[in-house]
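Grab the sequence, open the 3D view and work through these exercises. Each one gives you a task and then a solution in steps.

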Amino acid sequence: MEERIVAADPVGDPQGYQRELLALLGTSDPLEVMGATPATFEKRTADLAAGAVERRPAPREWSVAELLGHLWDAEIAYAFRARAILAQDQPPLIGYDQDAWARLARPPFGELLAAFGALRAADLALARGTPEALWGRLGIHEERGPTSFRLLTETIAGHDRAHLLQLEQTIAAVAQ
């Protein structure tokens, strides 16, 4: 069984969960963390056999492929929320059921990795092109309350850190 990277439940304790993700980010530049994630994921999985990518380390833990799918889902949510915050006045930011989304059909691992990298590149272009004065714009997250573009971006970068740590645990468990 994998060691939990983040103790707080994202639904049961959304503020605690966000605090833990922000702690994982620390003082790192969120855009640098976000920019490195696709390449790190690709590098760490390049030598894994197809069977290892699909193998779960434990019955209720995600495989490497499922973990990538979760990062993809989170990136889709980030992409929409970021654009809503920047284009609307305090838009509602809905949550999503990560387990329900994880059951949706996905492309094969290699295609999903490429798609994740492409969407992340588009989101980074948005963030890098957003003037500093707009980073304080707010949306209202239904679980976490007022959320600025800055906080949203820092949270997704901390989320990357959490799941890259989980990736290491998963690879160690399935590549044996």
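**Exercise 1. Find out which residues lie nearest the centre of the largest pocket, and what else lines it.**

Step 1. Keep in mind that you're looking at a predicted model. In the largest pocket, Pro-10, Trp-62, His-70, Gln-98 and His-163 lie nearest the centre, and the lining takes in 39 residues.

Step 2. Now get the volume: the largest pocket comes out at about 1,000 Å³.

Step 3. Next, look for the elements that give two or more residues to the lining: they are α1 (14–25), α4 (64–87), α5 (98–102) and α7 (149–174). The top contributor is α7, with eight residues.

Step 4. Sort the lining by class, and you get 16 nonpolar, nine polar and 14 charged residues.

**Exercise 2. Work out how α4 and α7 run relative to each other.**

Step 1. Start with the axes: those of α4 and α7 come within 11 Å and cross at roughly 175°.

Step 2. Angles over 145 degrees count as roughly antiparallel. So α4 is roughly antiparallel to α7.

Step 3. Look at who touches whom. On the α4 side, the contact includes His-70, Leu-71, Tyr-78 and Arg-81, while on the α7 side it includes Phe-149, His-159, Asp-160 and His-163.

Step 4. By class, this contact splits into 13 nonpolar, six polar and three charged residues.

**Exercise 3. Take α2 (residues 30–45) and describe how it crosses α6 (residues 109–129), then how it crosses α4.**

Step 1. With α6, the axes come within 9 Å and cross at roughly 165°. That angle makes α2 roughly antiparallel to α6, and the crossing is left-handed.

Step 2. Among the residues making this contact are Met-34, Phe-41 and Thr-45 of α2, plus Phe-109, Phe-116 and Arg-120 of α6. The whole set divides into nine nonpolar, four polar and three charged residues.

Step 3. With α4, the axes of α2 and α4 come within 12 Å and cross at roughly 165°. Here α2 is roughly antiparallel to α4, and this crossing is left-handed too.

Step 4. The α2–α4 contact uses Met-34, Phe-41 and Thr-45 of α2, together with Val-64, Leu-67, Leu-68, Leu-71 and Tyr-78 of α4. Count the classes and you find seven nonpolar, one polar and no charged residues.

**Exercise 4. Say what stands out about the phi of Gln-90.**

Step 1. Find Gln-90 in the loop between α4 and β1 (92–93).

Step 2. Check the value: Gln-90 isn't a glycine, yet its phi is positive, at about 45°.

How values were computed. Residues are numbered from 1 along each chain as its sequence is written. This is a predicted model: local features need pLDDT of at least 70, side-chain atom pairs count only at pLDDT 80 or more; totals for chains, interfaces and linings use all residues. Side-chain values use heavy atoms; hydrogens and water are left out. Axes are lines fitted to C-alpha atoms, for helices over the stretch in contact, and angles run from 0 to 180 degrees between N-to-C directions. Helices (H or I, at least four residues) and strands (E, at least two) are DSSP runs, numbered from the N terminus. Angles under 35 degrees count as roughly parallel, over 145 as roughly antiparallel, 65 to 115 as roughly perpendicular and the rest as oblique. A crossing is left-handed if the near helix is turned anticlockwise from the far one by less than a right angle, and right-handed if clockwise. Contact means heavy atoms within 4.5 Å. Ala, Val, Leu, Ile, Met, Phe, Trp, Tyr, Cys and Pro count as nonpolar, Asp, Glu, Lys and Arg as charged, and the others, Gly among them, as polar. On a 1 Å grid over the protein atoms alone, a cavity is a set of points where a 1.4 Å probe fits but cannot get out, and a pocket is an open set with protein on both sides within 12 Å along at least five of seven lines; lining residues have an atom within 4 Å of a point. Grid points are joined across faces, edges and corners, and a volume is the space filled by probe spheres set on the points.
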